[in-house]
Amino acid sequence: MTTRMTWTVEGEGPLVVFGHGLTNDGRTMEDAGIFDFAPIVAAGFRLLRLDWPAHGASDGPLEDTAYTWTSLADDVLALIDEVQPDAPVAAVGCSMGTGSILTAAVRRPDRFSHLVLTAPPTAWETRAAQGDMYRQMAELVETQGLATLERAQAAMPAPGIFAQLDAPLPMRVPERLLPTVLRGAAQADLPPRDAVRGLDVPTLILSWSDDPGHPVSTGEQLHELIPDSHFSVAGTLAETRAWGAVIARFLAEGD
């Protein structure tokens with residue numbers, strides 16, 4: 001593997017790999033009550049929750065290029081080749097995880113039986129502004145510290161489903177690595193539309209509404225580009241918590 005990542009495995013059955021979002025770890029979304037993946041395990045799947053480099057319990061280098069979606073795609077493909085070299089896997093992404101897993105699937109579609117792309121992030125025309133924001137955040141952490149960034153974020157209205165949470169999501173990246181991780185994220189983007197167009201992997205696309213960092217327009221465009229895809233939009237935490245059961249049904253239908 002290009003970078004050491006840690007992961008946990010729960011359940012028995014066909015392998016499902018989950019890749020989380022920026023500054024989260026493999027459990028953040030479930031701990032916050034946004035996702036509930038218990039139905040996936042209960043449906044007879046083996047769920048692998050990874051921690052991307054520099055996130056959660058995983059190590060990470062001081063090189064911003066290690067945190068682009070292209071580099072993270074290298075990492076997840078190496079992980080898949082290590083844990084299940086002889087058969088494709090199902091993969092579930094969220095935000096950064098969606099970008100990284102989709103990048104990996106475009107490169108090696110034979111390694112994936114199903115894709116589930118939750119919270120598709122900014123991409124293509126909407127990515128530049130997001131990248132500028134990440135670079136500003138990185139500079140703020142370097143010059144004034146993580147606590148200043150957290151205070152600034154707390155003072156801003158939370159978008160979409162995050163306004164329904166009792167508390168902000170915890171930061172799962174060490175402060176010393178956070179500026180590097182953010183600068184890597186600023187360089188990330190989805191593969192060109194022509195590379196995604198016609199991707200031959202059954203795909204479930206699950207967007208949420210009213211979040212500029214995860215615009216519904218990305219999900220809509222992916223649905224148009226990927227022939228065998230299904231698309232829906234959630235607007236409440238109750239709907240995103242139900243995604244686990246939706247994902248389990250989608251994966252089971254393909255067995």
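User: Are Trp-208 and Trp-243 buried or exposed?
Analyst: The model is predicted. Buried here means under 20% relative accessible area. Both Trp-208 and Trp-243 are buried.

User: Why is the pair of Trp-208 and Trp-243 described as stacked?
Analyst: Ring planes under 30 degrees apart count as stacked, provided the centres lie within 6.5 Å. For Trp-208 and Trp-243 the centres are 6.2 Å apart, and the pair is stacked because the planes are at 0 degrees.

User: Which parts of the chain does the pair of Trp-208 and Trp-243 link, and how many residues apart are they?
Analyst: Trp-208 belongs to strand S6 (residues 203–208). Trp-243 belongs to helix H11 (residues 243–253).

User: Which residues do ring pairs link into a cluster?
Analyst: The count of aromatic pairs comes to 6. Ring pairs join Trp-208 and Trp-243 in a cluster with Phe-18, Phe-35, Phe-37 and Phe-162.

User: Which backbone oxygen does the side chain of Ser-58 reach?
Analyst: Ser-58 sits in the loop between strand S3 (46–51) and helix H3 (69–83). Ser-58 counts as buried because its relative accessibility is 7%. Its side chain comes to 2.6 Å from the backbone oxygen of Asp-51.

User: How far apart in space are Ala-90 and Val-201, C-alpha to C-alpha?
Analyst: Ala-90 is part of strand S4 (residues 89–94), and at 6% relative accessibility Ala-90 counts as buried. In sequence, Ala-90 and Val-201 are 111 residues apart. The C-alpha to C-alpha distance between Ala-90 and Val-201 is 9.9 Å.

Key: Residues numbered from 1 in each chain as written. Predicted model: local features only at pLDDT ≥ 70, side-chain atom pairs only at ≥ 80, totals over all residues. Heavy atoms only, no water. Phe/Tyr/Trp six-rings, centres within 6.5 Å; stacked < 30°, edge-to-face > 60°. Helix = DSSP H or I, 4+ residues; strand = E, 2+ residues; numbered from the N terminus. Buried < 20%, exposed > 50% of the residue type's maximum accessible area, 1.4 Å probe, protein only. Polar contact = N/O pair within 3.5 Å; in protein donor to acceptor, adjacent residues only side chain to side chain.
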